[in-house]
Amino acid sequence: MPIALRKIPFSVQILLGLVLGVALGFLARSNDLGWLTETLHTIGSLFVQLLKLAVPPLVFTAIVVSVVSLRGVANAARLAVKTLLWFGITALIAVGVGIGLGLLTNPGRGVTLDLAGATEPKHTGSWTDFLTGIVPTNPIGAFVEGNVLQIVFLALVVGAAAMLIGEKAEPFVALNRSLLEIIQKALWWVIRLAPIGTLGLIGNAIASYGWDLLAPLAKFTTAVYVGCAIVLLVVYPLVLLGAGRLNPLRFYAGAWPAIELGFVSRSSVGTMPVTQKAVERLGVPREYASFAVPFGATTKMDGCAAIYPALAAIFVAQVFGIHLGVGDYLLIAFVSVIGSAATAGLTGATVMLTLTLSTLGLPLAGAGLLLAIDPILDMMRTATNVAGQALVPTVVAAREGTLDRTAYDSAGRRELVDPEPAESGRTEGLAPVPA
């Protein structure tokens, strides 16, 4: 990367990409420049594809290493249980926000759409598919198809076995550690392309989705963004203050690079290395962060699996004229808390939505009504996911008394960057923010 560009903070680079993407998107749409729209689409698609390319090996090696690392952590079982508990608590609050906002705004009432043209999405979810889909029929196939849920299952089993075997498994564990380092290094190169990827993704979204498409879904889109904003700016700060006795501003200053990248990349797993580094610089012990962050990146989805399906279920029910009762809303909460692993940390939340709709007995074709604007919704959903994935380890570490409070209070004063070789003098991947 050119030295002059290195002097510009990474967050500013992404902001510049965002602004330029919006400008190019409006230019392409207002002047009907098909070639520019296609170019923006290609740039954004390549960036997302590069992130997806690293997902299978990254998830497997990260979870194997993180599970094995737990044997060196005091009270590992209690930490794991508390992490899962807080995943569930925050997801339950998030789905409550989604349901409450849906009842308040009635996003589907009065909406006129072409229901005849609504078709079921190609990828749907049901409890049977979800449960049977956890265990792969072919381990190699899970990696080839990029089935993250199955890869997580394999990694948890292999990691637990390696931890129990102990010394004899150390060569295998060392190999996974080396592979993880290599994959993360390569992924950092991809992450450095985020400003260009942002330009393509945002530009294509602006050029492709005009007001004529967004107008009927404007209330629903606004509700999703408002719901995520309430969780980000109200719920999470209250959790930090009440459960962790932590300053929320310090948390967001430290976690912002990961939240920002999650917004533009729409991939929790692709953002995982940045999230883990952000959590570590917030003062969470590395041994615990290396378990909690990869696990959260594949299962902790407050945006995609809680707020969005709750609002979408209410929207679909209202569009099709179906009444939902108290039992239905409780069922939405149950599905959101238990079934969030179905989203698997990749872009989009169609599987989770269809899982919710099928559980409630709502028309699966309703999901097809929302597919057109899914990329726009997914940016805010993923940013919320990533914030929650950083929040829970921080809160748990604070409650366990293992959080480095000095590091937490100073996290926002340093910029998160790609780790450089030892001779560069920046082995920790943290550089002072230029004055």
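Q: Hi! Is E280 buried or exposed?
A: E280 is buried, with a relative accessible area of 18%. Buried means under 20% relative accessible area, exposed over 50%, and partly exposed in between, using a 1.4 Å probe and protein chains only.

Q: Good to know. What kind of model is this, and how are residues numbered?
A: This is a predicted model, where local features need pLDDT of at least 70 and side-chain atom pairs count only at pLDDT 80 or more, while totals for chains, interfaces and linings use all residues. Residues are numbered from 1 along each chain as its sequence is written, and side-chain values use heavy atoms, with hydrogens and water left out.

Q: Thanks! Back to E280: which residue does it form a salt bridge with?
A: The partner is R286, and the closest N and O atoms are 3.3 Å apart. A salt bridge here is a side-chain nitrogen of Lys or Arg within 4 Å of a carboxyl oxygen of Asp or Glu.

Q: And is R286 buried or partly exposed?
A: R286 counts as partly exposed, because its relative accessible area is 48%.

Q: How many salt bridges are there by that rule?
A: The count comes to seven. One of them pairs K300 with D302, at 2.8 Å from N to O.

Q: Why does K300 count as buried?
A: Because its relative accessibility is 2%. D302 also counts as buried, since its relative accessibility is 1%.

Q: Which residues are joined into one network?
A: Salt bridges that share partners join R78, K82 and E400.

Q: Nice. What is the N to O distance for E400 and K82?
A: Their side chains meet in a salt bridge at 2.5 Å. This pair links distant parts of the chain, 318 residues apart: E400 lies in helix α19 (residues 374–400) and K82 in helix α4 (residues 76–105). Helices are DSSP runs of H or I with at least four residues, strands are E runs of at least two, and both are numbered from the N terminus.

Q: How accessible is K82?
A: K82 has 29% relative accessibility, so it counts as partly exposed.

Q: Last one: are C228 and C304 buried or exposed?
A: C228 counts as buried because its relative accessibility is 0%, and C304 counts as buried because its relative accessibility is 2%.
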